[in-house]
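Biologist: Hi! I've just opened this one and I'm new to it. Could you walk me through it?
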Amino acid sequence: MVKPAGEYIIGAGEEEAFLAPLPLYLIPGIEPIDLRRFSDFNLAVVQEAARLSKEHLAVLFGLRSTVIYNALRGIDPSPVHPFTQAPPVAAADHVFGEDT
């Protein structure tokens, strides 16, 4: 997005204005199947898609509507961890009673 430096600081409250002119395929969380659905309605950039309400998105995307609504507005509710902290890992063991 901002070559050659590779970084751009977006201040609090500036997310929507930054995202508005971008094509939908650049938005993390919007998957290829979502892009096809947007294309069916001739929506190609964030500004156009962001005009849809939560209710409209629910009709188009069902359970994914909240994720898409947030992505179009630059909202990421996932927790932020220090880069030195390893991501959590889920593991499970099962010991069989006899050789199977």
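**How the helices pack**

Modeller: Happy to! Let's start with a helix pair: the axes of helix α2 (residues 32–40) and α4 come within 11 Å and cross at roughly 110°. That makes α2 roughly perpendicular to α4. Keep in mind that this is a predicted model.

Biologist: Thanks! Which hand does the crossing of α2 and α4 have?

Modeller: α2 passes α4 in a right-handed crossing.

Biologist: And which residues meet there, between α2 and α4?

Modeller: From α2 you have D34, R37 and F38, and they meet L57, L60 and F61 of α4.

Biologist: Let me stop at D34. Is D34 buried or exposed?

Modeller: D34, which sits in helix α2, is buried, because its relative accessible area is 3% and the cut-off for buried is under 20%.

Biologist: What is D34 in contact with, leaving aside its neighbours within four places in sequence?

Modeller: With those neighbours set aside, D34 is in contact with G29, F61, R64 and I68. You've already seen F61, as one of the α4 residues that meet α2.

Biologist: Okay, next pair. At what angle do α4 and α5 pack?

Modeller: The angle between α4 and α5 is about 130°, and their axes are 8 Å apart. That makes α4 oblique to α5. The α4 and α5 crossing is right-handed.

Biologist: Which residues of α4 and α5 meet?

Modeller: On the α4 side they are K54, L57, A58 and F61, and on the α5 side S65, I68, Y69 and L72.

Biologist: How many residues of α5 are buried?

Modeller: Six of the eight residues in α5 are buried, which leaves the helix mostly covered. The buried ones are S65, I68, Y69, N70, A71 and L72.

Biologist: What do the buried residues of α5 pack against?

Modeller: They pack against α1, α2, α3 and α4.

Biologist: Changing topic: how many residues are in the largest nonpolar core?

Modeller: The largest nonpolar core has 18 residues, and L24, I27, I30, F38, V46, L57 and L72 are those with the most contacts inside it. The elements giving two or more residues to this core are α3, α4 (54–61) and α5 (65–72). The largest share, four residues, comes from α5.

Biologist: Tell me about L24. What is L24 in contact with, beyond its neighbours within four places in sequence?

Modeller: Leaving those neighbours out, L24 is in contact with I30, L35, F38, L43, A44, V45, V46, A49 and L72.

Biologist: And where is L26?

Modeller: L26 is in the loop between α1 and α2. With a relative accessible area of 40%, L26 counts as partly exposed. The C-alpha atoms of L26 and V46 are 9.3 Å apart in space, while the two residues are 20 apart in sequence.

Biologist: What about the segment after α5? Is A91 buried or exposed?

Modeller: A91, in that segment after α5, counts as exposed because its relative accessibility is 77%. A91 and L63 are 28 residues apart in sequence and 27 Å apart in space, C-alpha to C-alpha.

Biologist: Last one: what pLDDT does the protein average?

Modeller: The protein averages a pLDDT of 89, and 97% of the residues score at least 70. Confidence is lowest in helix α1 (residues 15–19), with a mean of 89, and highest in helix α3 (residues 46–49), at 96.

Terms used:
Residues numbered from 1 in each chain as written. Predicted model: local features only at pLDDT ≥ 70, side-chain atom pairs only at ≥ 80, totals over all residues. Heavy atoms only, no water. pLDDT = per-residue confidence, 0-100. Core = buried A, V, L, I, M, F, W, Y, C linked by side-chain atoms within 4.5 Å. Buried < 20%, exposed > 50% of the residue type's maximum accessible area, 1.4 Å probe, protein only. Contact = heavy atoms within 4.5 Å. Axes fitted to C-alpha atoms, helices over the stretch in contact; angles between N-to-C directions. Parallel < 35°, antiparallel > 145°, perpendicular 65-115°, else oblique. Left-handed = near helix turned anticlockwise from the far one by under 90°.
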